[in-house]
Amino acid sequence: MASRMNSFLDDDGEKKPLRLEEETASYLVQIESSFDGLDETDGEAVGLLVENVLDELKHRTASASADRSTNAVVEKLILYAGLESCVEFAKRLTPYIMFLSRNRHSSHVVQSLCARVAHLISTGGVTEADVAFLGDTDKMEQLGVMFRRLFDPILADFSEMATDLNGSHVVRAIFCLCAGMPIAAERRGKNAKHAHSVSFSQPLHKLLSKSTLCMDQAHAFAVPSALSACLTNAIKTIGELPVTSLQELSCEPAAAAVFNILHRIIFNTQL
């Protein structure tokens, strides 16, 4: 019932979260400063803060992600989220993922979520809870399954998403995570428009092998089998597109950037 009451269909027939209530928006803006100066290695304190905010958001997480006044707060929340919380984020965003990936605000939230998961897996976890999560095969497989549910609808509509200015950034992040690579960022630094969404990503040139210009396996990390299968299926789907469609996509600036990432992944056979 809550899902129906907090969403509607937009003009494209996609499930869209309702506009965020002013009360929730005010709450998020007020608690934003709570994240300043946090040390993510302080697992107990940070975990409690993230858990409390998630509990307050409940079914309004997607609405907050798409709201221009609160999406940056949600990105900060993800910045400190552990793997357990990342799985919860994926569950909450999945029903609205097509809309969220095309939205200029929430698309950065989805990128942040991919970057955070990639960071936590590649570093072996920051807190004791994350280390334990990474060592639990069942939990990692659950993470893979949940994130594949999040990603599959996007990749199934590859031609549309790859040509969308916002959606294309999400597709690139998905490809990197599923390939077991850090998320490749377009822009970093203090002048980046969305510093939170790129905080755990890496400049593309730093991820490439100097000899092949493909993604360097030195940066690679193992991902759950469901994510590897997600990438394999996406490559197969793209390969089955008509040649004329692939040519047209390659001429689209947003899609060309997606292919740039994908080619650098698939042409390294060691990934």
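Modeller: Let's begin with C251, which is exposed at a relative accessible area of 65%. In these terms, buried means under 20% relative accessible area, exposed means over 50%, and partly exposed is in between, using a 1.4 Å probe and protein chains only. Please keep in mind that this is a predicted model, where local features need pLDDT of at least 70 and side-chain atom pairs count only at pLDDT 80 or more, while totals for chains, interfaces and linings use all residues. Residues are numbered from 1 along each chain as its sequence is written, and side-chain values use heavy atoms, with hydrogens and water left out.

Now go to another cysteine, C230, which is buried, with a relative accessible area of 1%. A search of the whole structure finds zero disulfides, a disulfide being a pair of cysteine sulfur atoms within 2.5 Å. C230 is therefore in no disulfide, as the nearest cysteine sulfur, that of C178, is 4.1 Å away.

Helices here are DSSP runs (H or I, at least four residues; strands are E, at least two), numbered from the N terminus. Axes are lines fitted to C-alpha atoms, for helices over the stretch in contact, and angles run from 0 to 180 degrees between N-to-C directions. Under 35 degrees counts as roughly parallel, over 145 as roughly antiparallel, 65 to 115 as roughly perpendicular, and the rest as oblique.

On the α12 side, F175, L177 and C178 meet L227, S228, C230, L231, A234 and I238 of α14, where contact means heavy atoms within 4.5 Å. Eight of the residues in this contact are nonpolar, one is polar and none is charged. Nonpolar covers Ala, Val, Leu, Ile, Met, Phe, Trp, Tyr, Cys and Pro; charged covers Asp, Glu, Lys and Arg; the others, Gly among them, are polar.

Also in α14 is I235, which is partly exposed at 31% relative accessible area. Leaving aside its neighbours within four places in sequence, I235 is in contact with L262 and I266.

Helix α12 also packs with α8 (residues 106–123), at an angle of about 10° and with the axes 9 Å apart. That makes α8 roughly parallel to α12. From α8 come S107, V110, Q111, C114, V117 and A118, and from α12 come N166, H169, V170, A173, I174 and L177. This contact has eight nonpolar, four polar and no charged residues.

Zoom in on S107 of α8: it counts as buried, at 1% relative accessibility. Not counting residues up to four places away in sequence, S107 touches L100, S101, N166 and V170.

Finally, α8 meets helix α6 (residues 83–93), with axes that come within 10 Å and cross at roughly 150°. α6 and α8 are therefore roughly antiparallel to each other. In this contact, L83, C86, F89, A90 and L93 of α6 face V109, L113, R116, V117 and L120 of α8. By class, nine of these residues are nonpolar, none is polar and one is charged.
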